[in-house]
Amino acid sequence: MIEAEGLRIGDRLPPEVAIARQLGIGRAKVREALTSWQSMGIVVRNKKAGTRLAA
């Protein structure tokens with residue numbers, strides 16, 4: 001999805017709900033994956049600014 005959308009470092013990811021809908025999974029699974037990516041330094045998450053690609 002990241003490659004298909006052409007996202008680069010610093011770009012904002014779609015909202016969790018949109019990702020879940022596009023992948024056909026629950027929002028909880030998306031949140032779990034994003035939390036894992038955050039701990040690996042792949043994304044940076046801010047409550048009001050959304051999720052941005054970090055690496």
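## Basis of the values

The model is predicted, with local features requiring pLDDT of at least 70 and side-chain atom pairs counted only at pLDDT 80 or more, while totals for chains, interfaces and linings use all residues. Residues are numbered from 1 along each chain as its sequence is written, and side-chain values use heavy atoms, with hydrogens and water left out.

## Position of Glu 16

Glu 16 belongs to helix H2, which covers residues 16-23. Helices (H or I, at least four residues) and strands (E, at least two) are DSSP runs numbered from the N terminus. The relative accessible area of Glu 16 is 13%, and the residue is therefore buried; buried denotes under 20% relative accessible area, exposed over 50%, and partly exposed the range in between (1.4 Å probe, protein chains only).

When residues up to four places away in sequence are not counted, Glu 16 is in contact with Arg 27, Val 30, Arg 31, Leu 34 and Arg 45. Contact here requires heavy atoms within 4.5 Å.

Side chains of opposite charge can pair when their charged atoms come close. A salt bridge is defined as a side-chain nitrogen of Lys or Arg within 4 Å of a carboxyl oxygen of Asp or Glu, and three salt bridges are counted by this rule. One of them joins the side chains of Glu 16 and Arg 27, with an N to O distance of 3.0 Å. This pair links distant parts of the chain, since Glu 16 is in helix H2 and Arg 27 in helix H3 (residues 27-40), 11 residues apart. Arg 27 is partly exposed, at a relative accessible area of 42%.

A salt bridge of 3.3 Å (N to O) is also formed by the side chains of Glu 16 and Arg 31. Because Glu 16 lies in helix H2 and Arg 31 in helix H3, the pair ties together parts 15 residues apart in sequence. Arg 31 has a relative accessible area of 38% and is partly exposed.

The side chains of Arg 45 and Glu 16 meet in a salt bridge of 2.6 Å, N to O. Arg 45 lies in strand S1 (residues 43-46) and Glu 16 in helix H2, so this pair ties together parts that are 29 residues apart in sequence. With 22% relative accessibility, Arg 45 counts as partly exposed.

Through salt bridges that share partners, Glu 16, Arg 27, Arg 31 and Arg 45 are joined into one network.
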